[in-house]
Amino acid sequence: MDVRLIMFKESGESKEFPLEPGKTVIGRKEECDLRIPLPEVSRRHAVVIVSGQTVTLRDMGSANGTYLNNSRITEEELSPGDHVVIGPVVFTVRIDGHPTDVRPVHTRLEARSPGTAEPIVDQKPTEAKAAKAADDDIFNQEEDPISALEALAASDDTAALDLDDSFGESEETSP
């Protein structure tokens, strides 16, 4: 099964991240398989598990949550065309070439209290957040965070992690 996460830069240019069978950890730490060096992203934010004909997204106790199609999730199976939001980054899920046409997405994230229809979170990525992250000393880089993410994805510097005993741990967003 060919599974890819597709994101768009502000310029409208798309970037695809192919996912291998097994676990792909997404987070802020350098050891993550798919690194997003932004303060809104937990050190180990979420994991995508590709197993057989199933693709599963699992939040790893992140402080700001993992969203699937605008709703905060703990663990859900992914389908072609789903939108995964981690911090300010939106990925579209492509499985075996579907959907064929992927366009930039703007989301409105909502986490709902159990039994109510009222959103408890209404969060949209903003230019101010992106500018703050780009200027943040913690990253010590001159390029924008999305370019850094692309560079890391293109390199062989990321290490695979064995997470079998780590799913019960919570993450905080502080370094």
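Buried means under 20% relative accessible area, exposed means over 50%, and partly exposed covers the range in between. Glutamate 16, with a relative accessible area of 31%, is therefore partly exposed. This residue opens the report on a predicted model.

## Overall build

The protein chain has two helices and 13 strands. It holds 175 residues, of which 39% count as buried. The accessible surface comes to about 9500 Å², and carbon and sulfur atoms account for 44% of that area. Among contacts with a separation of 6 or more, 45% join residues 24 or more positions apart.

Side chains of opposite charge can pair when their charged atoms come close. The count of salt bridges in this model comes to six. Three of them are tabulated here.

| Pair | N to O distance |
|---|---|
| Arginine 4 and glutamate 16 | 3.5 Å |
| Lysine 9 and glutamate 13 | 3.6 Å |
| Glutamate 16 and arginine 94 | 3.0 Å |

Glutamate 16 bridges to arginine 94 with the closest N and O atoms 3.0 Å apart. A network of salt bridges links Asp2, Arg4, Glu16 and Arg94.

How exposed are the partners? Arginine 94 has 14% relative accessibility and so counts as buried. Arginine 4 is partly exposed, at 24%. Lysine 9 is partly exposed at 23%, and glutamate 13 is partly exposed at 44%.

## A buried aspartate without a salt bridge

Aspartate 59 is found in strand S6, residues 54-59. This aspartate is buried yet has no salt bridge. The nearest side chain of opposite charge is that of arginine 72, 5.6 Å away. A salt bridge requires a side-chain nitrogen within 4 Å of a carboxyl oxygen.

Which polar partners does aspartate 59 have? Its side chain reaches the backbone nitrogen of glycine 61 at 2.9 Å. A polar contact of 2.5 Å also joins its side chain to that of threonine 66. Leaving out residues up to four places away in sequence, aspartate 59 touches His45, Ala46, Gly65, Thr66, Ile73 and Thr74.

## Nonpolar cores

In soluble globular proteins, nonpolar side chains tend to be buried together. The largest nonpolar core here has 24 residues. Leu5, Ile36, Val48, Leu78, Val84 and Phe91 touch the most other members. Strands S1, S2, S5, S6, S10 and S11 each give two or more residues to this core. Strand S11 gives the most, with four residues.

A second, separate core has five residues, including Val25, Cys32, Val47 and Ile49.

## Backbone exceptions

Most residues other than glycine have a negative phi, and most peptide bonds are trans.

Asparagine 70 is not a glycine, yet its phi is positive, at about 75 degrees. This asparagine is found in the loop between strand S7 (66-68) and strand S8 (71-73). Asparagine 70 is partly exposed, with a relative accessible area of 30%.

Aspartate 96 has a phi near 50 degrees, again a positive value in a residue other than glycine. This aspartate is found in the loop between S11 and S12. Aspartate 96 is partly exposed, at 43%.

The peptide bond from histidine 98 to proline 99 is cis, with omega near 0 degrees. Proline 99 also lies in the loop between S11 and strand S12 (109-112). At 24% relative accessibility, proline 99 counts as partly exposed. Beyond its neighbours within four places in sequence, proline 99 is in contact with Pro80, Gly81, Val93 and Arg94. Proline 99 and aspartate 82 are 17 residues apart in sequence, and their C-alpha atoms are 9.4 Å apart in space.

Technical notes: Residues numbered from 1 in each chain as written. Predicted model: local features only at pLDDT ≥ 70, side-chain atom pairs only at ≥ 80, totals over all residues. Heavy atoms only, no water. Buried < 20%, exposed > 50% of the residue type's maximum accessible area, 1.4 Å probe, protein only. Lys, Arg positive; Asp, Glu negative; His and termini not counted. Polar contact = N/O pair within 3.5 Å; in protein donor to acceptor, adjacent residues only side chain to side chain. Contact = heavy atoms within 4.5 Å. Core = buried A, V, L, I, M, F, W, Y, C linked by side-chain atoms within 4.5 Å. Areas by Shrake-Rupley, 256 points an atom, 1.4 Å probe, with all protein chains shown as cover.
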